[in-house]
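The sequence and coordinates come first, and the notes follow by topic.

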Amino acid sequence: MRKDADSGLIKEFLKEIPIFKSLSDRHLSRLSEDFIVCRINKGETIFHQSDDSTDLYIILDGAVRASLVNEDGEKLVLAAFNKGDFFGEMSLLDGKPRSATMTATEYATLGVLRRDTFLNAAKNDPAIAIDLLSALVQRMRMADGMIESLAFLDVSQRVIKILMQIARTEGIKDKDGFFRIKRLTHKELAARTGASREAVSKAMKVLSFRDGVKEEGDCFLVSPRAEELL
C-alpha cells in the first residue's frame, strides 16, 4: 500500500459524493486536505473483518469488494464497490472493529479520512452526519434484501438477482436489449450468492437454456426479462 497527498483530486470527488453534498466549497477544501491517498494492488486486503480500524474510504479509481470469511475459509461476498463509492462508515460511526473484509478486485486508488477528523467536521456541519446516516440506512435495506434472498430464493433466483442488480447499475444495453456486463466466474457468483460452485454452474445452464443469460467472451449478456424466466 502506497500513500501520498492529493487534496485537489479528493476535493473533486467529495463534490460528487452524497454524504458531503451539504458542505460549502470552503469546508470541502479544508476537509480534502485531511485525506490521504492510498494506492492498492489488485488482490490486496485493505482491512480484515474484526480489525481495529475506523477510517472512512472513498474509491477514486478501481474496484473493491466486501466479504465475510468463516473459520473454514469459506467466503460470502456482501457487496461490490466501484469508483465514486465509499466504505468503512460503520466503524467510522461507532468506533468498533470492522464488520467485513475489504479487498481490491482491481488496482485501486483510495482516499482515506481518519475518524476523529470526520467527527470534527460533523460537529461543525451536522448535515454531514445526517447524509451519512441516510446512506447507511440505504445500505441496510440492501442487506435486508440479500438476507431475504438467502432465506427464500433458490440458487437460480439468487444468481439472476445478483446479475440483474449489476446489469441495472453497471450494464450497457445492446441493440437486442440485453445488458452487457463484465463476466463473473462461477466461483465469484457462488461467493456472491452463498451457494456452492456446482449449484451455480447448474443454475447458469438453466438460465442459458432459457435465454436469460448468455456468455460472450469476457462478458455476460443478461436479458431484461431474466427474472420472469424462472
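**Sheet, helix contact and salt bridges**

Ile181 stands opposite Phe220 in strand 13. The model is predicted. Strand 11, residues 179-182, runs antiparallel to strand 13, residues 219-222, and four bridges join the two. Seven salt bridges are counted in the model.

**Helix 6 against helix 7**

- The axis of helix 6 comes within 10 Å of the axis of helix 7 (residues 186-193), and the two cross at roughly 100°.
- An angle of 65 to 115 degrees counts as roughly perpendicular, and helix 6 and helix 7 are therefore roughly perpendicular to each other.
- On the helix 6 side the contact involves Arg158, Val159, Ile162, Leu163, Gln165 and Ile166; on the helix 7 side it involves Leu189, Arg192 and Thr193.
- The residues of this contact between helix 6 and helix 7 comprise five nonpolar, two polar and two charged.

- Seven bridges pair strand 5 (residues 63-69) with strand 6 (residues 75-82) in the antiparallel sense.
- Arg65 stands opposite Ala80 in strand 6.
- Five residues lie between strand 5 and strand 6 in this hairpin, and Gly73 in the turn has a positive phi of about 85°.

**Salt bridges**

- Among the salt bridges is that of Asp25 with Lys11, at 3.3 Å from N to O. Asp25 belongs to helix 2 (residues 25-32) and Lys11 to helix 1 (residues 7-14), so the pair ties together parts 14 residues apart in sequence.
- Lys11 is buried at 16% relative accessibility, whereas Asp25 is partly exposed at 44%.
- Arg180 and Glu216 meet through their side chains in a salt bridge of 2.9 Å, N to O. Because Arg180 lies in strand 11 and Glu216 in strand 12, this pair ties together parts 36 residues apart in sequence.
- Both partners count as partly exposed: Arg180 has 31% relative accessibility and Glu216 has 39%.
- Arg114 and Asp116 form a salt bridge at 3.7 Å, N to O. Arg114 is exposed, with a relative accessible area of 52%, and Asp116 is partly exposed at 42%.

Methods:
Residues are numbered from 1 along each chain as its sequence is written. This is a predicted model: local features need pLDDT of at least 70, side-chain atom pairs count only at pLDDT 80 or more; totals for chains, interfaces and linings use all residues. Side-chain values use heavy atoms; hydrogens and water are left out. Two strands pair if DSSP finds at least two bridges between them. Axes are lines fitted to C-alpha atoms, for helices over the stretch in contact, and angles run from 0 to 180 degrees between N-to-C directions. Angles under 35 degrees count as roughly parallel, over 145 as roughly antiparallel, 65 to 115 as roughly perpendicular and the rest as oblique. Contact means heavy atoms within 4.5 Å. Ala, Val, Leu, Ile, Met, Phe, Trp, Tyr, Cys and Pro count as nonpolar, Asp, Glu, Lys and Arg as charged, and the others, Gly among them, as polar. A salt bridge is a side-chain nitrogen of Lys or Arg within 4 Å of a carboxyl oxygen of Asp or Glu. Buried means under 20% relative accessible area, exposed over 50%, partly exposed in between (1.4 Å probe, protein chains only).
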